[in-house]
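Please read these notes with the model open beside you.

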Amino acid sequence: MATVTQLFASPATDIWRVIEDGWLYSGWVVGASRIRAVDEQWPQVGAKLHHSVGSWPFLIDDSSRVTSMEPRQKLELLARGWPLGEARVLITLEDLGGSQSRVSISEDAVRGPGKVVPKALRDPIISVRNRETLRRLELMAAGGAGSKKDPPTP
């Protein structure tokens, strides 16, 4: 699996708030264009995000399913984007105390045409994409995305 790790200037709880709000997924995951629906139990095991990948007008509608989860520590997904294939994605969060944490994303193709690409070519492409994914996640966490805010009172 291609793994990218980054030190964040945010506690793991702030990062998890972004991850657990499935509607924010397309804001930080490179390649996800839009979210069409989020299962109510997201990010519990078995829950799905219904997303589109690609760029308009060449969008592919598919979904990603949670295969394992530990709150504020890890989320594992089976990310789908057929006809391109499927990938196993593992996001881990390590709270380092104060306002720092270490976040890693490990990913590899598990099914479909992406699996045919030699690992020596596949890993660097995945790593570049996931470095940007982590940058976006860090910015969203630092900016307070995912925070539950009370609606304005009239």
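1. Basis. This is a predicted model, in which local features need pLDDT of at least 70 and side-chain atom pairs count only at pLDDT 80 or more, while totals for chains, interfaces and linings use all residues. Residues are numbered from 1 along each chain as its sequence is written, and side-chain values use heavy atoms, with hydrogens and water left out.

2. The largest pocket has a volume of about 740 Å³. A pocket here is an open set of points on a 1 Å grid over the protein atoms alone, where a 1.4 Å probe fits, with protein on both sides within 12 Å along at least five of seven lines; lining residues have an atom within 4 Å of a point. The volume is the space filled by probe spheres set on the points, which are joined across faces, edges and corners.

3. Lining. The largest pocket is lined by 34 residues, and V30, L84, A87, E107 and R129 lie nearest its centre. By class, 18 are nonpolar, 9 polar and 7 charged (Ala, Val, Leu, Ile, Met, Phe, Trp, Tyr, Cys and Pro count as nonpolar, Asp, Glu, Lys and Arg as charged, and the others, Gly among them, as polar). Helix 4 gives the most to this lining, with 6 residues.

4. Helix 4. Helices (H or I, at least four residues) and strands (E, at least two) are DSSP runs, numbered from the N terminus. The 24 residues of helix 4 should span 34 Å, and its end C-alpha atoms are 34 Å apart, which agrees (the expected span is 1.5 Å times one less than the number of residues). Among its buried residues are R122, D123, I126 and L137 (buried means under 20% relative accessible area, exposed over 50%, partly exposed in between, with a 1.4 Å probe and protein chains only). Their cover includes strand 1, helix 1, helix 2, strand 7 and helix 3.

5. Ring pair. The count comes to 1 aromatic pair. Y25 and W28 form this pair, edge-to-face, at 5.8 Å centre to centre and 75° between the planes (rings of Phe, Tyr and Trp, its six-membered ring, pair if their centres lie within 6.5 Å; planes under 30 degrees apart count as stacked, over 60 as edge-to-face and the rest as tilted). Both residues lie in helix 2, 3 residues apart. Y25 counts as buried because its relative accessibility is 8%, and W28 because its value is 2%.

6. T92. This residue is in strand 6. T92 counts as partly exposed, at 27% relative accessibility.

Terms used. Contact means heavy atoms within 4.5 Å.
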